[in-house]
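Keep the sequence and the 3D view side by side.

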Amino acid sequence: MFTGIIEEMGTVEKIHHQGSQAMQLVIRCQKVLEDVHLGDSIAVNGICLTVTRFEAQWFQADVMPETFRSTSLAGLRAGSRVNLERALPANGRFGGHIVSGHIDGVGTLVGKTREANALWLEIEADDSLMKYIVLKGSVALDGTSLTVSGIWEKRFAVSLIPHTAEMTILSEKHTGDRVNIECDVLAKYVEKLMNNRQEVAEASGMTAAWLQEQGY
């Protein structure tokens, strides 16, 4: 599990493609390697990846086809900067929100403006993602824990404080760039529970229409 508090920005040093939809990433970094072990989880632009090799200034991780298809990793090149966060230790500080490192989908940056010390980003996303976006709720963009500050039919907005803009790659994004989106996991659990209750009710015949007929 992660919290969405980015620890550092790393740089993609090498990409070893394995067919059309799989690859190995070699990422140059420092802070996230301080206590690294083989098999550790590191979020790369919000994607939970496993450390398969490392040395003093880099680590390697495998990207399988499902991750390749479901995220923006296909757009990385040697020299690309990436957000990095180690998995949260049991005694760690919970500074952001619950982030699993499992991307729900990819959005597109459609607006970028400044207001005083704030950097506003507008993200366009599919309906399958927008249904989980709640005003003042949490969302992770490229692994960064942010608060939803505005919602429209097909897009939403977040506002970055100067520290977040400085410590993440989000301030380097341009209109048209893709961003990884992980919606609040609590919303997905609530949806699942409500759907299960509806299925049970329909199976028993106790639907909303039936309750109305009985005078409820």
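Val106 stands opposite Asn180 in strand 12. The partner strand here is strand 7, residues 105–115, and strand 12 covers residues 178–183. The two run antiparallel and are joined by four bridges. Two strands count as paired if DSSP finds at least two bridges between them.

This is a predicted model, in which local features need pLDDT of at least 70, side-chain atom pairs count only at pLDDT 80 or more, and totals for chains, interfaces and linings use all residues. Residues are numbered from 1 along each chain as its sequence is written, and side-chain values use heavy atoms, with hydrogens and water left out.

Val44 has Ile47 of strand 4 as its bridge partner. The hairpin has two residues between the strands, and Asn45 there takes a positive phi near 50°.

Strand 4 also pairs with strand 5, residues 58–63. Again the run is antiparallel, with four bridges. Val51 is bridged to Ala61 in strand 5. Strand 4 and strand 5 form a hairpin with two residues between them.

Lys136 has phi near 70°, a positive value in a residue other than glycine. Lys136 sits in the loop between helix 2 (127–130) and strand 9 (138–141). Asp142 also has a positive phi, near 50°, and is likewise not glycine. Its loop lies between strand 9 and strand 10 (144–151).

Are these two buried or exposed? Buried means under 20% relative accessible area, exposed over 50%, and partly exposed in between, with a 1.4 Å probe and protein chains only. Lys136 counts as exposed because its relative accessibility is 61%. Asp142 counts as buried because its value is 0%.

How many cavities of 30 Å³ or more does the structure hold? There is one. The largest cavity has a volume of about 40 Å³. A cavity is a set of points on a 1 Å grid over the protein atoms alone where a 1.4 Å probe fits but cannot get out, and lining residues have an atom within 4 Å of a point. Phe2, Ile6, Ala43, Gly46, Glu85, Val99, Gly101 and Gly143 line the largest cavity. By class, that lining has four nonpolar, three polar and one charged residues.

Finally, the whole chain. It has five helices and twelve strands. Its C-alpha atoms fill a box of roughly 70 × 40 × 40 Å along the principal axes. Of its 216 residues, 41% are buried. Among contacts (heavy atoms within 4.5 Å) between residues at least 6 apart in sequence, 68% join residues at least 24 apart.

Conventions: 1 Å grid on protein atoms, 1.4 Å probe; cavity = no way out; pocket = protein on both sides within 12 Å on 5 of 7 lines; lining within 4 Å. Points joined across faces, edges and corners; volume = space filled by probe spheres on them. Nonpolar A, V, L, I, M, F, W, Y, C, P; charged D, E, K, R; others polar.
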